[in-house]
Amino acid sequence: MIGEPDSAAKDARIVRRCRAGDAEAWNELVVRFSRYVLAIATQAYRLPQHDAEDLFQEVFSRVYSQLHTLRDDTAIRPWIGQLTRRLAIDRLRRASNREAPTEILPEEASPDAELERIDLALDIHEAMAGLPPHCQEILDRFFARDESYVQIADALELAAGTIASRISRCLTRMRSMLESR
Amino acid sequence: MPVSPSDRLLADLLVELSDGRIRGASGYASALSGALAAGLAVMVAKHGGDGWADAPGVAAQAGTLRERLLQLAREDSLAFAAAEQLLGQASEAEEPVSEARDHALADAVRAAAAVPMRIAETAADVVTLAAWAAENVSPEVRVDALAAVRLAEASANTAASLVDVNLVVRSEDELATRARAAAATARQRRASACAEE
């Protein structure tokens, strides 16, 4: 999970700078967690884009005003995640009171599995960033761009017969990075 | 014998296929065969790959190819139905077909050929992975790895033949060339993997 050793230490450093009134640190904090907040809003709770943007503003406004209540600086990610979930549920409840009862409710959205998936995706995204460029390239082409071994081989000027093993070795490196967190 | 929910789903699917309710049935069936082969490749890497460092990587790649082939099965059906509808409209039209409509029809028919080409390439990748697994997994599951090789080769060949019979794809066309190359790769890897059997 994100929020463990290296990543959590970096989170904590940013939080400490925010507490000290460093304006640049606030920008870093928003950039660092913006994908996380938006992913929870749009993927786990299926909020429409404009609601997700409102929620985003609300979350970071609360983070700004309530950061002093955070007891453990390394726990900023789960704290922001929890805050986002709570505010998303409030928003859905308000919408379901105003609108027809067929509107999606938090239970129907069954966000737990989706939240786990988002956490994992973010973990993988961070681990990818730590891999050497050739691994990032080959994993991105196969897993994200759905390219075949032949397409990858042509694009990277490699022998087609070596692509599967190269992907496998890069996955092994990524797994080691995730396990060492 | 009790019937499991997955048996029921599979039986329903086969009835749908038999009744002609799945458009582009051959492309759909070839993608599904490739997906089954990829599923076997995942299984052998997970259960017969003890001591083989690349087994988790093979399982992850085969799992991705399995999902990709399932998606391609759906895409093939949709693309075929769209082309079929346009062809039907063109043949029923009383007035001469306009050039723009002609182009739209050709585009739709060509799009319908692009999907089996991707099925052929993806299935050929399954052959590559399953053949690699067959060399490295335990003897107990080697026969399953080779079954995956053969099944995926059939998927690649079938899909490539569907590109060849497409109305607007000429034999020197890129789609046809890529599909044939994928089928040839699949054939070659299958022959090599099964040679020592």
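Let's start inside chain B. The axes of α4(B) and helix α5 (residues 139-164) of chain B come within 8 Å and cross at roughly 160 degrees. Axes here are lines fitted to C-alpha atoms, for helices over the stretch in contact, and angles run from 0 to 180 degrees between N-to-C directions. α4(B) and α5(B) are therefore roughly antiparallel to each other. On the cut-offs: under 35 degrees counts as roughly parallel, over 145 as roughly antiparallel, 65 to 115 as roughly perpendicular, and the rest as oblique. The crossing of α4(B) past α5(B) is left-handed. Left-handed means that the near helix is turned anticlockwise from the far one by less than a right angle; right-handed means clockwise. The contact of α4(B) with α5(B) has 23 nonpolar residues, one polar and two charged. Nonpolar covers Ala, Val, Leu, Ile, Met, Phe, Trp, Tyr, Cys and Pro; charged covers Asp, Glu, Lys and Arg; the others, Gly among them, are polar.

A word on what you are looking at. This is a predicted model, where local features need pLDDT of at least 70, side-chain atom pairs count only at pLDDT 80 or more, and totals for chains, interfaces and linings use all residues. Residues are numbered from 1 along each chain as its sequence is written, chains are lettered from A and ligands numbered from 1 in the order in which they are written, and side-chain values use heavy atoms, with hydrogens and water left out.

Back to chain B. Which helix does α4(B), residues 99-136, also approach within 9 Å? That is α3(B), residues 55-92, and the two axes cross at roughly 160 degrees. α3(B) and α4(B) are therefore roughly antiparallel to each other. Their crossing is left-handed. Their contact counts 24 nonpolar, three polar and six charged residues.

Now chain B as a whole. Chain B has six helices and zero strands. Both are DSSP runs, numbered from the N terminus: helices are H or I with at least four residues, strands E with at least two. The C-alpha atoms of chain B fill a box of roughly 70 × 45 × 25 Å, taken along the principal axes.

Next, chain A. Helix α2 (residues 23-44) and helix α3 (residues 49-66) of chain A pack at about 140 degrees, with axes 10 Å apart. That makes α2(A) oblique to α3(A). Their crossing is right-handed. Residues in this contact include A:Trp26 and A:Phe33 of α2(A), and A:Phe56 and A:Phe60 of α3(A). By class, the contact has 14 nonpolar, three polar and no charged residues.

How do the chains meet? 16 residues of chain A are in contact with 17 residues of chain B, where contact means heavy atoms within 4.5 Å. Chains A and B bury about 1,300 Å² between them, 51% of it on carbon and sulfur atoms. Buried area is the accessible area (1.4 Å probe) that two parts lose on being put together, summed over both. A:Phe142, A:Tyr149 and A:Ser168 supply 33% of the area that chain A buries against chain B, more than any other three residues.

Last, confidence. The model scores ipTM 0.88 and pTM 0.72. pLDDT is the predictor's confidence in each residue, from 0 to 100. Chain B has a mean pLDDT of 90, and 96% of its residues reach 70 or more. Chain A averages 83, with 87% of the residues at 70 or above. Where is chain A's mean pLDDT lowest among its elements? In helix α5(A), residues 106-109, at 46; helix α8(A), residues 149-156, has the highest, 96. Residues 100-109 of chain A are below 50. Where pLDDT is low, the predicted coordinates should not be read in detail.
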